[in-house]
Amino acid sequence: DNPGDGTPLRAWMRVEMSPIETIDIGPTNQHDLVLFANTTMSDSVSADWINRFYLGGVDEYKYKLRTDNKDNMFVCGTYRDHMIVNYNLDLNEKYSVVLDEFGAPQDEPSSSSSGENSQAFVTMHDPTSGQIVTCLSTRGHGKNRGSSAIADSKGDIYMVGQVSGKVRFVADHGWWKFAERGVNTGSTNNTFGFLAKATNREWMIDNSTKYKPIDYTWEWIVYIDAPEHSLSGERMLCDVSVSTNDDVYTVGYFNGPTEIGMSGAAKYNDSETFQFEPGYKWVDESDEQVFICKWSDAGKCVWSSVYGVTGLDHDNINIIFHDDMMYFVCAADTFAASTTESGVVVSCVDITTGDFTWVKSIQGGSITCSSIKVTDTGNIFITGVCDSTVTSSNITLGGGAVVEATSGYSLLLEPTGSSGVVTIFTSDSSTCDAVTQSNSTGKGVTIGTCDSTTTVQSGTQSIDIHTPEQNKYFIYKSTHEL
């Protein structure tokens, strides 16, 4: 994820695997999560290390991999029934993290589960070995989801997602151990978005009580909520990014009455003089909205911007911070900014005011966007799936190909979004799940899936990726640059 010259390409994927019979703890179902690293770009790719997660529940969740400025890796997602991570046969079992459907630690996994609860989690991995440095999870009765996580320059972790029911943010170890920071949303049909900060105050913990390697604990939680439990509606924070000076940016959506930020009386006995955070908003709307927020590292809302939207793809809303610029991308039928856009909408956001500096869009039938990356030179990569030829009314596009069936695509934009190059990946069924940069020259690496030989086409250039077996993963390094 975001490697530069000489840095290993790291990727994760959910794959079907044979059971690992040498590990006698926990389930070995065929839909586990695998994190691996490799340093080669040849046809015979071999992993330098592999880390496998045991996740319970059906194969219905998405997972996001991010890296910080120290190359630490963060995996964020959702599990049901159970979660087992960090198992190492060379170490005592206490170095495994075993959680049940309520997010509570267990000595061994349970064979029974109601199937009605889900939890959000984040794991932090050492970039050299892939071993887990910390593992954090929500707890409680309800349906909780994790969507993204990242760390700031101090190593503090930020996770975003969605909670419903009775959720608990509590840890049994570290500086903030046993501190309860939960919420009750009422009905599970009334969901709240959340931004959670976890810190590692290692120097404040007595050596005799440290429980290595998981000393991170929750410092504060911010909820995007409704004023009453009786209200319904969906609220979710979808992605999070951190600036070089540790300001936090989030993007999400809601479709019911929603409060962003905190308000309260300036004095406990003065109910008429209110004190609001600068970015506070109360939106009494049932129509769907997308919102972008800036937060301080203390959890205060600095500014928030809200935009009307229809036909939003909830699973793929992303932001990324790069070189004092923030970029936002989503897919929707309509997106109301300074102009009304449709398809995949990409924009540059002013980090001081929250306004859009520019807004661009591409169309391609039922088009989606799965990821966005920015190179050292400011070029912007976007990947996704389309089912018709990619076009745009406000971007001068080169490359591309005629699309008549579901295909993967990657879009390379220059820093102002005015022009770009499209690459199309065509097979019986293909997707482009991630994109990253291979160096600072503007070239990129696309990671995707296909079920047969895939043709890669950009303008008049065309090559075939041969995959004789079904459900293959491909890695493609582009040859063009802007």
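Which residues of the largest nonpolar core touch the most other members? The views below take up that question and a few others.

This is a predicted model, with residues numbered from 1 along each chain as its sequence is written. Local features need pLDDT of at least 70, side-chain atom pairs count only at pLDDT 80 or more, totals for chains, interfaces and linings use all residues, and side-chain values use heavy atoms, with hydrogens and water left out.

**View 1. The largest nonpolar core has 25 residues.** Val344, Ile382 and Tyr409 are the ones that touch the most other members. At least two core residues come from each of these strands: E26 (325-336), E27 (340-349), E28 (356-362), E29 (371-374), E30 (380-386), E32 (407-413) and E33 (419-426). Another core, of 24 residues, lies apart from it, with Val251, Tyr253, Val290 and Cys330 among them. A nonpolar core here is a set of buried Ala, Val, Leu, Ile, Met, Phe, Trp, Tyr and Cys residues joined through side-chain atoms within 4.5 Å. Strands (E, at least two residues) are DSSP runs, numbered from the N terminus.

**View 2. Serine 410 sits in strand E32.** Serine 410 counts as buried because its relative accessibility is 7%; buried means under 20% relative accessible area, exposed over 50%, partly exposed in between (1.4 Å probe, protein chains only). Leaving aside residues up to four places away in sequence, serine 410 touches Ile382, Thr383, Val421, Val422, Thr423, Phe425 and Thr446. Contact means heavy atoms within 4.5 Å.

**View 3. Alanine 179 is in the loop between strand E13 (166-168) and strand E14 (183-184).** With a relative accessible area of 22%, alanine 179 is partly exposed. Not counting residues up to four places away in sequence, alanine 179 touches Phe169 and Val170. Phenylalanine 169 is 10 residues away along the chain, and its C-alpha atom is 8.1 Å from that of alanine 179.

**View 4. Strands E8 (residues 118-125) and E9 run antiparallel, joined by five bridges.** Strands pair if DSSP finds at least two bridges between them. Valine 122 has leucine 136 in E9 as its bridge partner. Six residues lie between the two strands of this hairpin, and glycine 130 in the turn has a positive phi of about 80°. Five of the six residues in E9 (residues 132-137) are buried.

**View 5. Over residues 1-28 the pLDDT is below 50.** pLDDT is the predictor's confidence in each residue, from 0 to 100. Its mean for the chain is 78, and 73% of residues reach 70 or more. Where pLDDT is low, the predicted coordinates should not be read in detail.

Terms used: Helix = DSSP H or I, 4+ residues; strand = E, 2+ residues; numbered from the N terminus.
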